[in-house]
Amino acid sequence: MNNLISVSVLGVSKAGKTSCLVSMLDHFKKDFFENIDLHFTIDALSQRILMEQRGKLISSLDKGAIESTNGIRSTREVTKYNLKLGQKGSDSESLMVEFIDYPGSWLNNGNSADFANVKQFAANSQVLIIPIDSAYLMEMNDDTQPDIILEILKDVYADLSQPRLVIFTPIKCEKYYGTNDSNRNKAYHALLLKIQEKYENVLSFLTDKSRKKNISIVIIPMQTLGSCKLMYFSEPEYGVKDPVFVVTQRGVYSPKNTDQPFLYLLSFILKNQYESKNTGFPGFVRRLLKNHKYLNVTSEQLLQLCSNTNGIKVLQNSHITTF
Ligand SMILES: Nc1nc2c(ncn2[C@@H]2O[C@H](COP(=O)(O)OP(=O)(O)OP(=O)(O)O)[C@@H](O)[C@H]2O)c(=O)[nH]1
Ligand SMILES: [Mg+2]
């Protein structure tokens, strides 16, 4: 049985794909599943790359300002982080989950083979994580990411028959999200409105009644670093403007919400796996034997840890989710 499940990112260069994945996977520590009936292993190569990238991410807080030229570098090749999940104390089948990262330039460099690769990743992934550069979205008027994403989704989700989870993660959002004061709440509300406006066509496509039953959608704002604040946009001679952030607390790594995409997507994957193993006659037998029950139980346990506050918005539940 093929138990390989793919999760991939989808976004243009510098949207924050790598930062998003790395800060999320950083939660794969020993005590993460302490009270949950799941064990995990991460392969040695994935662990090494993850640690390297984590170091680079955090190093961007060493200086007074964060520009896209420090910290994490643009991804140059496909990078996969492989995890194995299973029931604690059991040697029954495990699930392999691969998290796929790739250069965001593949979305708009004009190379058809690169673009086809991106579509292939999106088509094969049960979960798509779409980082949104909040600073760019809010302060600039020429964000092309929504149109590119729509083009891809229209193709790969045209005849969708399997459940999918799409997570929008507004990042670089310190100016609009993060504390509880009422000005910040207003700013976050404005960011959500802007996402609805700019991603209107994407959201209408995903919530169309022909796809509704198969697609779950969640918005999860994330600060992959914390301790910084939007200052201005750089003025390069060529290329797009880049946000520059002032570091408010040097060396203080204080990410926010970075565990949440992970909790949502694992809960979804386990539920999906449970449902697909319980259909038809083989499923009936499995139910009698109580095989795979842990998939459902752990999915529910993870769901308890999913926050629906902290700016998180569930926009749509598919037939397998009850976020
Ligand atoms: N202010 C702020 N900056 C962030 C945050 N997360 C990432 N960044 C910055 O965003 C820039 C781009 O992040 P990446 O993760 O490299 O973006 P990417 O989408 O992987 O880019 P490619 O690999 O070129 O496709 C980096 O300079 C990061 O330091 C955040 O939460 N806040
Ligand atoms: Mg990258």
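Predicted model: local features only at pLDDT ≥ 70, side-chain atom pairs only at ≥ 80, totals over all residues.
Colleague: Which of the 25 residues around ligand 1 come nearest?

Modeller: A residue is near a molecule if its C-beta atom, placed from the backbone, lies within 6 Å of it. Thr18, Ser19, Ser74, Thr75 and Gly104 come nearest to ligand 1. Helix H1 (residues 17–25) gives the largest share of the shell, three residues. Helices (H or I, at least four residues) and strands (E, at least two) are DSSP runs, numbered from the N terminus.

Colleague: Why is H1 called largely enclosed by the rest of the structure?

Modeller: A residue is buried if 20 or more other C-beta atoms lie within 10 Å of its own, exposed if 12 or fewer, and partly exposed in between, with C-beta atoms placed from the backbone. Nine of the nine residues of H1 are buried, so the helix is largely enclosed. Among them are Lys17, Thr18 and Ser19. Of the 323 residues of the protein, 40% count as buried.

Colleague: Why are strands E2 (38–42) and E11 (313–316) said to stand at the edges of the sheet?

Modeller: Two strands pair if DSSP finds at least two bridges between them. Eight strands form an open, mixed sheet in the order E2-E4-E5-E1-E6-E7-E8-E11. E2 and E11 each have a single partner strand, so one side of each is left without a neighbour in the sheet.

Colleague: In what sense do E1 (residues 4–9) and E5 (residues 95–101) pair, and over how many bridges?

Modeller: E1 and E5 pair in the parallel sense over five bridges. Serine 8 has isoleucine 100 of E5 as its bridge partner.

Colleague: What makes the protein as compact as a globular protein of its length?

Modeller: The protein has ten helices and eleven strands. Its radius of gyration (taken over C-alpha atoms) is set against the globule rule, 2.2 Å times the number of residues to the power 0.38. The value is 20 Å, close to the 20 Å that the rule gives for 323 residues, so the description holds.

Conventions: Residues numbered from 1 in each chain as written. Chains lettered and ligands numbered in written order.
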